[in-house]
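Subject: Structure handover

Hello,

Here is the structure you are taking over. My notes on it follow below.

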Amino acid sequence: MVGDAGYCGSPMAGHGTALSLVGAYVLAGELAAAAGDHVRAFPAYQRRMQAYVAQRMELPPGGIKMAMPMSAFGIAYRDFVLRVMTSRMMTGALKKLAGGTPDAIDLPEYSVERGDPLRVAAEEAE
């Protein structure tokens, strides 16, 4: 439910791992804040995650046309561009193109006190 496959917004956009880590944190926090009441926790989780998920699903420049060209020339061009973009000399430029800051979420610090479901589960695991 909270793994990379469950959070893959789009194979083109990536970000499944980041989404799964943030999603797991928020889900656990909202469940703890609601004392385990999923009827209250799930809508809070949805509200907190919605803008962040939408931001992470944005496709990179060129999107689908670049990933799935329909001609031999398009395939050759895509392969060339991928080789150039993943070369050592382009590392900095690639980071700037793909590295948008995920600013559509403000992660709260969830309180974990004695008796909270998260603390109890962690103590039982030890």
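The protein chain exposes about 8800 Å², and carbon and sulfur atoms supply 62% of that area. Accessible areas come from the Shrake-Rupley method with a 1.4 Å probe, and for residues only the protein chains shown count as cover.

Some conventions before the rest. This is a predicted model, in which local features need pLDDT of at least 70 and side-chain atom pairs count only at pLDDT 80 or more, while totals for chains, interfaces and linings use all residues. Residues are numbered from 1 along each chain as its sequence is written, and side-chain values use heavy atoms, with hydrogens and water left out.

Confidence

pLDDT is the predictor's confidence in each residue, from 0 to 100. Its mean over the protein chain is 77, and 67% of the residues reach 70 or more. Confidence is highest in helix 2, at 90, and lowest in helix 6 (residues 117-125), at a mean of 51. Where pLDDT is low, the predicted coordinates should not be read in detail.

Overall build

The protein chain has 6 helices and 0 strands, so the order from the N terminus is α-α-α-α-α-α, with helices (H or I, at least four residues) and strands (E, at least two) taken as DSSP runs and numbered from the N terminus. Of its 126 residues, 23% count as buried; buried means under 20% relative accessible area, exposed over 50%, and partly exposed in between (1.4 Å probe, protein chains only). Contact means heavy atoms within 4.5 Å. Among contacts between residues at least 6 apart in sequence, 57% join residues at least 24 apart.

Core

The largest nonpolar core is made of 10 residues: Y7, L19, V22, V26, L27, Y45, M49, Y52, I105 and Y110. Two elements give two or more residues to this core, helix 1 (16-33) and helix 2 (38-56). Helix 1 supplies the largest share, 4 residues. A nonpolar core here is a set of buried Ala, Val, Leu, Ile, Met, Phe, Trp, Tyr and Cys residues joined through side-chain atoms within 4.5 Å. Leaving aside residues up to four places away in sequence, V26 touches Y45, R48, M49, I105, L107 and Y110.

Salt bridges

There are 2 salt bridges in the structure, each being a side-chain nitrogen of Lys or Arg within 4 Å of a carboxyl oxygen of Asp or Glu. One joins the side chains of E30 and R48 at 3.2 Å, N to O. This pair links distant parts of the chain, with E30 in helix 1 and R48 in helix 2, 18 residues apart. E30 is buried, at a relative accessible area of 8%, whereas R48 is partly exposed, at 32%. In the other, the side chains of D79 and R78 meet at 3.1 Å, N to O. D79 is partly exposed, with a relative accessible area of 29%. Side chains of opposite charge can pair when their charged atoms come close.

Surface patch

Which residues form a nonpolar patch on the surface? They are L59, I64 and M68, with about 280 Å² of accessible area together. Patches are made of residues with over 30% relative accessible area and no salt bridge; like charges are joined within 9 Å, nonpolar side chains (Val, Leu, Ile, Met, Phe, Trp, Tyr) within 5 Å. L59 lies in the loop between helix 2 and helix 3 (63-67) and counts as partly exposed at 41% relative accessibility.

Individual residues

- M57 is also in the loop between helix 2 and helix 3 and is partly exposed, at 38% relative accessibility. Its C-alpha atom is separated by 7.8 Å from that of H15, 42 residues apart along the chain.
- C8 sits in the segment before helix 1 and is partly exposed, with a relative accessible area of 40%. The C-alpha atoms of C8 and R56, 48 residues apart along the chain, are separated by 9.6 Å.
- V81 belongs to helix 4 (residues 72-85) and counts as buried at 19% relative accessibility. Between the C-alpha atoms of V81 and M66, 15 residues apart along the chain, the separation is 9.4 Å.
- A35 is in the loop between helix 1 and helix 2 and counts as exposed at 62% relative accessibility. The phi of A35 is near 55 degrees, a positive value in a residue other than glycine. Most residues other than glycine have a negative phi.

Regards
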